[in-house]
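Thanks for coming. Please have the sequence and the structure open while I talk.

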Amino acid sequence: MDMYERKIGDVILALDNISLSFGAMKVLDDVSFDVRQGEIRSIIGPNGAGKSSMLNVINGFYHPQQGSITFRGEKRKEMDVHKAAASGIARTFQNIALFKGMSTLDNIMTGRNLKMKCNIFQQAWYWGKAQKEEIEHRQKVEEIIDFLEIQNIRKTPVGRLPYGFQKRVELGRALAAEPEILLLDEPMAGMNVEEKEDMSRFILDINDEFGTTIILIEHDMGVVMDLSDRVVVLDYGRQLADGSPDEVRSNQTVIDAYLGVSH
Amino acid sequence: MRIERDIIYIILGFIVLMVVVPWTAGQLSDQVFFNWPFFFEVAIGGLLSGVMYSLIALGFVLIFKASGVFNFSQGAIVLFAALTLVGLHGLGLPMWLAIVATMGVMFLLAVAIERLVLSKLVNQEPIILFMATIGIAYFLDGFGQTLWGSEVKVLNLGISEAPGFYFDGQILINDFDLFAAGIAAVMVVVLGIFFQYTRIGRALRAVADDHQAALSVGIPLKHIWIIVWTVAGLVGLVAGIMWGSKMGVQFALSLIALKALPVLILGGFTSVPGAIIGGLIIGAGEKLAEVFLAPMIGGGIEEWFAYMLALAFLAFRPQGLFGEKIIERV
Amino acid sequence: MIYREAGVYKSTYRADHAIFTIPQDRWSMIGIFAIAFLLIPAVGSEYWLGAIMLPFLILALAALGLNILTGYCGQLSLGTGGFMATGAFSAYKLATAFPDVHILFVILGAGLIAAAVGILFGIPSLRIKGFYLAVATLASQFFLIWMFITFGWFTNYSASGVISAPPMTIIGDIFVTGPQATLVAKYLFTLSIVVVMALVAKNLVRSNIGREWMAVRDMDIAAEIIGIPMLSTKLKAFAVSSFFCGVAGALWAFLYTGSVSPLAFGVDRSFQVLFMIIIGGLGSVMGAFLGAAFIVLLPILLNNLPTMLGLNIKTDMISHMEYMIFGALIVFFLIVEPHGLARLWSLLKEKLRLWPFPH
Amino acid sequence: MSNQDTPLLQINNIEVIYDHVILVLKGVSLTVPKGSIIALLGANGAGKSTTLKSISGLLGAERGVVTKGNILYKDQPVESQSPADLVDHGVIQVMEGRHCFEHLTIEENLLTGAYTLSGGRKAVAKNLEMVYQYFPRLAERRKSQAGYTSGGEQQMCAVGRALMSNPEMILLDEPSMGLAPQLVEDIFEIIKQLNEQEGVTFLLAEQNTNIALRYSDFGYIMENGRIVMEGLASELAENEDVKEFYLGISKEGKKNFRDVKNYRRRKRWLT
């Protein structure tokens, strides 16, 4: 039924036997899965299952006590936040983490901070190199703004935007880094069907046109099952299942722990 | 109160340092005199003066804990309370009546602050509220002195400063210091119980966490703020009485707040026991440093030593010894 | 519709990134410069130039510095006075140790030393946040002032602990410090430095580094995750901020007062500068100037008001009243517009844009 | 729902302005009969939360004002009442995003809900018992700091906290937000029970149209600060427009989200 030719490559990111705890609380318990280049990989599970923590492990904000992370063939015990960002892992957040005092444009421009090379003295002088750099990146950012259809809120402080737009701006900020892997933490929470479809379209376009690998956390099973190539299920830190949407959907353990009967 | 292990390590480390450094200084420098009884005398003197800092820090903690406001005006409140007390006493009221009347004034002050300032700044960022309290501090400093004059006034509690406690024939603590320590202990226990176990105390903590949510469950912010500022005013009155009888009631009382700030960050903004333990640590550290370190590096170090000491502690625990851990989630 | 942006079409991103995108803004800026550089020196009395314009400009510079750190990068600091003192005393040591060096380099050097000290005291900001950091910055305030008082080396062992600026020229025999300097020369020199530095500040805050500062201010965790290096971003803010404050301190000592003791940069000074940015507006270059004007002019007004009204009030009473009015005004301002004069200014512009229509 | 019940709450044509300039509600009217579950549906920014906040009195804290129209609760205007008064009279809001007190334990969170409760220790203990009965999970976590509990537990805590005040009416803002499907089902199941067994009236703002219509009696659909559709929940669920634009089901059945690249929904009654 898939009308697009999907280019799914080799494993780009592998997580092996990850365990993470805060004090006595075990958040992730021996979780292992891998992600292939160009696929849409979803993580589902009840609240408190450790899904967001998993993303935090992948981008180095949390450091697991056990296990290893292999990213692009390089195996390490933990990621470093800055290195993860620099090597092409970008993300959005469950509770929108935008810079509230800044405009949409400036927020998305921050996403390009790693690509801007002018030093502080050049920026203090501004005219010349810094200005040229600024304008180059502005062009890239404008492309993203067009892509996400948020032209008319370009100069609005994001704190004043409605929730759905904030979600888009956040996606824009992540895209500005031209990531290789994009981590999306509940991008459709609190949206209606129309908005969900818009967001799905963005995700599919990003995946198809830029070949970006996407790791998705989402509660809307309709979206997850339709969009993902493979789904991993977590439950209170343990890994319940891993497989194609159809396999997961029919897995009795998953139905009992998470999906319930209606799905 | 749960004491984590690293707090104990930090405090033990500090105690060891506070013994080792003076001893070493005594051995190395011919300007510094060291023997054990003298050391203990200095240390205990320092601990007791630390309690006096704690009295002021407690007022800060109260308001921060209950409303998330860093109340810079606590020093001004101490001064204002002491000035009012002495002023009313000077008008001919007997001391006890003056104290009761001053308590009434502190309540009215709390009402005024709530009406005129806080109620108009609901839901503003912490820094705005902090600035507003600086405004209140300036106002109170000016108001108190306009009302009662700015000359130094004597406040006599009738507690002797005579030595009241001997140890080994050498160390002495006077009655006044013991009295101050007793007062502080009582206040900590009372406030601790108030916060942890009463309905109002719980509501205060809820307000500190989330103003809007507190409103939504029906906690009337207005009353809460009046209560907490009144209590902070009463604590300020106690501090004002103690400090005022020690150094006279004068403008300098307002600046003592600056001495209480390191105590506050060392103990943690939100912890009542933290204010006491912070006070003890700062008091002892400061006195020991003054006696055993200052001669080596040039005097006057009490200006900053407390701050540097607090900073050193923060390096290990950024939220202060007993402060609430910041819950960071994304 | 006197003030409007309709009809102003920007066809390049370059035009959209200009500081003043609307012609009216550009013209009024040129007008302000004309007044500041030509009119004020021509007609300003000694009192105006020496007692109002000089402290206003210098404090505005310090406020600009603090606004970068607190308003843009979100690190509340109460150590401004200490960094100003560092600038003043570094300038003095440089000027006396190298008497032939030009005053501009002395001031630049003083700023750089202050920046280095700022970086040193900024290191705790990586771990310590919010009000804990604010109190911790008081450590630098008290420590630095104590250091300049205690160690005679900083004052070249002057008995009074006061430093006096050696006479220095800007070009030829035009003195800007010392007894031969005219107020007009001092004023124009200060004004030029402040204008250049304000431009630098504006450039920084509209560039990548400015966005990084604001990102750290608004949500530090997210900033870190999108790749903004926390330590270096914060330290840059401390460095730039202290540089501005250091230059302001050097100007204060050399051009405004001529001789100064460390006590001139006490904690009161830190608070004064903090008031400026709060009343002027956090995170606004313009706000630093508006706030400084307000805080410099207010006490002068309050002092003169009783005599102007023909009232006879004792001086100590006046100073108490000043405290009261000052405190009340701060609270009043916060209630009316928590985001300061700069926000009021932009609201006014919004209104003008629509004028004469209400919506 | 039966229409002969007296309306517990009545909103007449209200207009709400934030910060003196931003018009958010443009004439909203609705009625909540006693003992019912009423759903307020619509997209983000449609004005659902604002409607709830203008009832509970929480608008003021966000610099919002009701400029036109009126709100009557038991025939008394609510504008002059503080949030605390309203809680005392039986109206309580559970805010969007839970807003638990992070540094308090779950049990302490629940106890703050009993702030306005009269009747002393006994009444509090009784209510606490009831909340733990409805939410056994909370009883397990009673000693945990709320900041360290999961989103679902926090949502239960927020609802439980509201229950502690013996409310007649709960204004529930986005109860399903960010919760697992199973958990959403559970929460709504509990809402239903509370409605039937304790007689609590619910006005809930919800994005999840599907589940909200299943559990409510009557629904209002909001769009850009106006109510664009209203009707019995069962009727709304069958309405073709609602099906297409809010439930994502068109005549051909449910669409695959992968096909969104080829079409785009647009509400024909807008633009």
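This is a predicted model: local features need pLDDT of at least 70, side-chain atom pairs count only at pLDDT 80 or more; totals for chains, interfaces and linings use all residues.

Let me start where chain B meets chain C. The contact draws 53 residues from chain B and 41 residues from chain C. Together the two chains bury about 4,100 Å² between them, and carbon and sulfur atoms account for 81% of that area. On the chain B side, the residues that lose the most area to chain C are Met131(B), Tyr138(B) and Trp304(B), which together make up 16% of what that side buries.

Which elements of chain B give two or more residues to this side? They are α5 (126–148), α10 (252–267) and α12 (305–316) of chain B. The largest share, 16 residues, is from α5(B). Sorted by class, the side of chain B that touches chain C holds 34 nonpolar, 13 polar and 6 charged residues.

How many salt bridges are there between chain B and chain C? The count is 0. For polar contact, the count between these two chains is 6 residue pairs, with both residues at pLDDT 80 or more.

Now please turn to chain D, which has two sheets to look at. One is an open sheet of 4 strands in the order β2-β1-β4-β5, with antiparallel pairing. Its edge strands are β2 (22–33) and β5 (76–77) of chain D, and each of them pairs on one side only. Inside the sheet, β1 (residues 7–18) and β4 (residues 64–73) of chain D run antiparallel and are joined by 8 bridges. To find one example, look for Ile17(D), whose bridge partner in β4(D) is Val65(D). A helix also packs on this sheet: α1 (residues 48–56) of chain D touches β1, β2 and β4 of that chain, and the direction of α1 makes about 110 degrees with that of β1(D).

The other sheet in chain D is open as well, with 6 strands in the order β6-β7-β8-β3-β9-β10 and mixed pairing.

Helix α7 (residues 181–198) of chain D lies across β3 (37–42), β7 and β8 (201–206), running at about 155 degrees to β8(D).

Last, the salt bridges. Side chains of opposite charge can pair when their charged atoms come close. Over all chains, the structure holds 32 salt bridges. One of them joins Asp34(A) and Arg230(A), whose closest N and O atoms are 2.9 Å apart. Asp34(A) lies in β2 (residues 25–36) of chain A and Arg230(A) in β9 (residues 230–235) of chain A, so this pair ties together parts that are 196 residues apart in sequence.

Definitions and conventions: Residues are numbered from 1 along each chain as its sequence is written. Chains are lettered from A and ligands numbered from 1 in the order in which they are written. Side-chain values use heavy atoms; hydrogens and water are left out. Contact means heavy atoms within 4.5 Å. Buried area is the accessible area (1.4 Å probe) that two parts lose on being put together, summed over both. A salt bridge is a side-chain nitrogen of Lys or Arg within 4 Å of a carboxyl oxygen of Asp or Glu. A polar contact is a pair of N or O atoms within 3.5 Å; within protein, one must be able to donate a hydrogen and the other to accept it, and residues adjacent in sequence count only if both atoms are side-chain atoms. Ala, Val, Leu, Ile, Met, Phe, Trp, Tyr, Cys and Pro count as nonpolar, Asp, Glu, Lys and Arg as charged, and the others, Gly among them, as polar. Two strands pair if DSSP finds at least two bridges between them. Axes are lines fitted to C-alpha atoms, for helices over the stretch in contact, and angles run from 0 to 180 degrees between N-to-C directions.
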